[in-house]
Protein chains: 4
Amino acid sequence: MPNASDRPLRRDAALNRRRILHAAAEVFTARGLGASLDDVARQAGVGVGTVYRRFPDKDTLIEALFEERLGAITGVAERALAEPDSWTALVTFLENASSLMAADRGLREILMYASHGRDRILRAKARLQPVVTALVERAQRDGVLRTDVASTDMPFIQFMLTAAAEYAGDVSPDIWRRYLAIIIDGLRPARAGTSPLPVPAAEPGQMLAIMRSLPR
Amino acid sequence: MPNASDRPLRRDAALNRRRILHAAAEVFTARGLGASLDDVARQAGVGVGTVYRRFPDKDTLIEALFEERLGAITGVAERALAEPDSWTALVTFLENASSLMAADRGLREILMYASHGRDRILRAKARLQPVVTALVERAQRDGVLRTDVASTDMPFIQFMLTAAAEYAGDVSPDIWRRYLAIIIDGLRPARAGTSPLPVPAAEPGQMLAIMRSLPR
Amino acid sequence: MPNASDRPLRRDAALNRRRILHAAAEVFTARGLGASLDDVARQAGVGVGTVYRRFPDKDTLIEALFEERLGAITGVAERALAEPDSWTALVTFLENASSLMAADRGLREILMYASHGRDRILRAKARLQPVVTALVERAQRDGVLRTDVASTDMPFIQFMLTAAAEYAGDVSPDIWRRYLAIIIDGLRPARAGTSPLPVPAAEPGQMLAIMRSLPR
Amino acid sequence: MPNASDRPLRRDAALNRRRILHAAAEVFTARGLGASLDDVARQAGVGVGTVYRRFPDKDTLIEALFEERLGAITGVAERALAEPDSWTALVTFLENASSLMAADRGLREILMYASHGRDRILRAKARLQPVVTALVERAQRDGVLRTDVASTDMPFIQFMLTAAAEYAGDVSPDIWRRYLAIIIDGLRPARAGTSPLPVPAAEPGQMLAIMRSLPR
DNA sequence: GATGAATGAGTATTCATTCAT
DNA sequence: GATGAATGAATACTCATTCAT
C-alpha cells in the first residue's frame, strides 16, 4: 500500500514546498535575488537541506517563483477576457497584472534575470501569451486600441510599470498608476497628433530570443 | 616649469581613470553591478590596486559612473531647452536622454541601486532638475503638455524606458522608442477619452526620500 | 529519543569547535594575532567556512580564546583562595596563573589587543576580579603583603611576566620565574629600604577604561 | 668637485632620513608596526618612493628605529655610570631607560618583533651591554644589589615595564613606575624572607639566541 | 634624487552546494 | 525525509614593493 505511506509524506513535502516558495518570495522581495538560501530556509522554518531537496538549486527555486507568478497573471488575463467590453478588458488586465507585480518587487528582478528559457517557464509563458493576444486582438478588432501595437508590447509595458514601482518603493507605492494612465492614453487609436510607432513590435520569436539571452 | 613635469604623470593617471570608468561601464552593463572589480580591472587592463587608487571603493566608482552620465543627460536637457518649440524641446529631451541611457544599460541598475544619497550624486541631480522643470513648465505654459504631469514624472519615464531597453537587450535594442512614442502620445493635453491621472505626482521631497531609501 | 540523535552531530560540532580553538591558540602563538584564519583552518584540518560557522568573525574567535583562558585563570585563583596561608595563596596564584599564561604566549597579544570591551570578556573579567581582590585583601589583612599594592596591580604583574616569557620564547621558557621571584620579594610588607610606590594604583574604573581604549 | 654637489644632497638626504624616522616613530607608536609605509610617508611629508630610497624595506626602517633607540638607551646608561653611588646609578638607569621606552610605545613592539639579529642591531646591543654590565657588577661589588641577578636580567626588566606602560596607555601612563619600585625593592641584597631565584639568568649567548629566534 | 602611480599577492568574509547524521 | 555542519571558490579591499616620470 504505497499510497498510505506516500500520501502523508507528499502532503508534508507539498506543504514544505509552499512554505519555501512563500519564504523565498518574501526574502527575495525584501533583499533582492542576492539573498542567501540560508535566509530563505530560516524564513521558511526548515533547514537548507530541505530547500535543496525541493529545488535542485537556487535558479530552479527562482524559476518556480516565476512560474507561479506567471500563473497568477494568466489568471488575471483570463478573468479580464471574460469582461464583455474589450477596452475595459484590456485596461483591467494591465491594471491587475501590474498591481500583482508592483506589490511584489522581487519579481521584477526575477523577470529580468532568472529566466534561462527553461521549459517550465516557456510553458508558463505559452499559457499566458494567447490570452494576452486575444485581449489585444479583440480590442483592435473593436477599434478601441491603436492598430500598431502588438501583444508582445504588453510584457514590456508591465515590465516598465514594475520598474517604476520598484524605484518608488514604499515612498510612493502607487505611482506606477500614473504611468499606466499615461500609457493607456497613448494606446488609444490614432487621431490627430498621434506619433507613428517608430520601430516594429517584437516578433514572438524575438520574445523567445530575449528570454534566452537574459544575463546570468 | 614644474607644471611641465607634473602634467605627464597626471595625464597617465587621468587616462587610466577614464579607462577604468569605461571598463566599468562595459562590465557593469554586461554583468550588472554585481560584477567584481577584478573583472573591471582586467577589462581596463590595469591591476585591481589601480582601480582602488582611483576610486576608494566600489560604490564610489559606481557613483562616478552615475555622475558622469547624469552630466551628459544635463547637457542633453540644456541643449533641448535652446529649442524654440517647447513641445519639440520636451520630446527631443526625452528621446536623447533615453537614447543615452538605453545605450548604456548598466546605468539602469546604477540608478536603481547605487545612489546612496551621497553628495556628489545629489549635486549632479540638483543640476539636472531645474532644466527638466523648465522644459516641463514651458510646455505646459504653451498648452502642449497635459497639465497634470509634473517634472518629477520625467525621471520615472526615462527609467521605465531604460528598463524596457535593458530587457530587450541586443535582440531589439531600439524597441524602447515604441514605448516612448506611446508615452509621448499620452502626454498630450487632455482631450476626449483622456484618463485622469489617478495618483498625485511625486513631490521633490519624495524624490529625495526615494533616493535615500534605495535598497543595498 | 531525539536527544540521542541530536547529540552526535553536536559532538562533532563541539569537537570541531575545540579543534579550531586549539589550532587558533597554536597559530596565534606562533605567528601572532595577525595570522590568517585560513592558516587557523588549515591547522585545524577544517575548511575556512567551518571556522566562520563556529565563530562569526576573527575577533569573536580571539575573544573566545581569551574567555576560555580567563576561565582557567579564575579556576587557579579560586583554588588558591582555598589555601589557608594567605601569603602562600597569593604566591601560588601568581605562579600558577603566570605559568598558564607563559605556556600560551599568544595570550599576551590577546590580552593586549583583542579585548574590544565586548560583553563576554567583561563578564569573564568580572568573575576573576573579586577572587583576586579577596586574595590581595586577605594577605594585607594578615600583614604579609605590602599595604600599598592593590588588586588592580595583579593583572599588570601577570602581564609583565607574560611579556618576559614571550620574549624569551623557547630559548629560556622559564625565565619569567626569576622575575616573579624578584617581584614577590618586592611585594613583602615595607621594611627598611622599601621604596614608596610613586604612583597610585589603577582604580577599577581605570582598568575598564584601559580595556576600552586598547588599540585596534 | 664631487664634494660641492654631494654635500647639499647628503644634507637633504639626512634631513629626509631623520624626518622619516621621526614620522615612523610617531605612526608606529600610534597604530603599531602594522601601519602602512604610505602613512609613514604622508606623516613625513615625502613620497613612499623616498622612504624606499632611504630604507630598502619596512624591516630595515624598523631596525633603524630600534638602533636609534638603543643608542639613546646607551647614552642613558653611560650617564648613569658616571654617578658615584652605585645603587643610585642602577636605579637611575632603570628609571630613565624605562621612561624613554614607556614614552614611546611603538618601541615595545619593535623590541619584540623587529630584531632579526641583523648586524647593525647586534652592534648597537654590543655597545649597550658592557655599560649595563658595568652598572650591575659595580652595584654587586658594592654590596647593594642581590648577587643572583645578572646584567642579562636588565633588558627583561625594561621590557616588562614597557609592556605595563603600553597596556596602561594614556589612561595611566606612569603606572609602570609602581612596578619599577616593586622590582627595585626586589633587587635589594638577600635578607630574611628573600626568595632564591629559581632559574639561572640568561647567558649572553642565550640573549643572542633569543634575538635570533624572535618571530617574523 | 624625489615622486606617486601601478602592481598583485594576501586577508577577512559570504554563500551555493554537498553530505553525514 | 529532514537537518544543519562542512566545504571552498569568489569578492572587496589593503599594502609592501617597484618603476616610469
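Helices, with at least four residues each, and strands, with at least two, are taken here as DSSP runs numbered from the N terminus. On this basis, chain A of the predicted model runs α-α-α-α-α-α-α-α-α-α from the N terminus on, that is, with 10 helices and zero strands. The C-alpha trace of chain A extends over about 65 × 45 × 30 Å along its principal axes.

Chain A is divided by the domain assignment into domain 1, covering residues 1–55, and domain 2, covering residues 58–213, and the C-alpha centres of domain 1 and domain 2 of chain A are separated by 29 Å. Nine residues of domain 1 and 14 residues of domain 2 of chain A take part in the contact between them. On the side of domain 1 of chain A that touches domain 2, the most is given by helix H1 (residues 2–31) of chain A, which supplies five residues; by class, that side of domain 1 holds seven nonpolar, two polar and no charged residues.

Between chains, the contact of chain A with chain B draws 40 residues from chain A and 41 residues from chain B. On the chain A side of this contact, the elements that give two or more residues are helix H8 (153–168), helix H9 (176–187) and helix H10 (204–213) of chain A, and the largest share, 10 residues, is that of H9(A). The residues of chain A that touch chain B comprise 24 nonpolar, nine polar and seven charged. Chain A and chain C, by contrast, are joined by no contact, their closest C-alpha atoms being 12 Å apart, and no contact joins chain B and chain D, for which the closest C-alpha atoms likewise lie 12 Å apart.

Chain C and chain D meet through, among other elements to be inspected in the model, helix H8 (residues 153–168) of chain C and helix H8 (residues 153–168) of chain D, whose axes come within 8 Å and cross at roughly 130°. Angles over 145 degrees count as roughly antiparallel and those from 65 to 115 as roughly perpendicular, and H8(C) and H8(D) are therefore oblique to each other. The crossing in which H8(C) passes H8(D) is right-handed. To this contact H8(C) contributes C:Phe156, C:Phe159, C:Met160, C:Ala163, C:Ala164 and C:Tyr167, while H8(D) contributes D:Phe156, D:Phe159, D:Met160, D:Ala163, D:Ala164 and D:Tyr167; the contact has 12 nonpolar residues, with no polar and no charged ones.

Within chain D, helix H5 (residues 86–102) packs with helix H7 (residues 119–141) at an angle of about 145°, the two axes lying 8 Å apart, and the crossing of H5(D) and H7(D) is left-handed. The contact is formed by D:Ser86, D:Trp87, D:Ala89, D:Leu90 and D:Phe93 of H5(D) together with D:Leu135, D:Val136, D:Arg138 and D:Ala139 of H7(D), and its residues divide into seven nonpolar, one polar and one charged.

The surface near DNA strand E is made up of 16 nonpolar, 12 polar and 10 charged residues. DNA strand F is surrounded by 38 residues, with A:Gly47, A:Gly49, B:Ser36, C:Gly47 and C:Gly49 as the closest, and the surface near DNA strand F contains 16 nonpolar, 12 polar and 10 charged residues.

Technical notes:
Residues are numbered from 1 along each chain as its sequence is written. Chains are lettered from A and ligands numbered from 1 in the order in which they are written. This is a predicted model: local features need pLDDT of at least 70, side-chain atom pairs count only at pLDDT 80 or more; totals for chains, interfaces and linings use all residues. A residue is near a molecule or strand if its C-beta atom, placed from the backbone, lies within 6 Å of it. Ala, Val, Leu, Ile, Met, Phe, Trp, Tyr, Cys and Pro count as nonpolar, Asp, Glu, Lys and Arg as charged, and the others, Gly among them, as polar. Axes are lines fitted to C-alpha atoms, for helices over the stretch in contact, and angles run from 0 to 180 degrees between N-to-C directions. Angles under 35 degrees count as roughly parallel, over 145 as roughly antiparallel, 65 to 115 as roughly perpendicular and the rest as oblique. A crossing is left-handed if the near helix is turned anticlockwise from the far one by less than a right angle, and right-handed if clockwise. Two residues are in contact if their C-beta atoms, placed from the backbone, lie within 7 Å. Domain bounds come from an automatic or database domain assignment.
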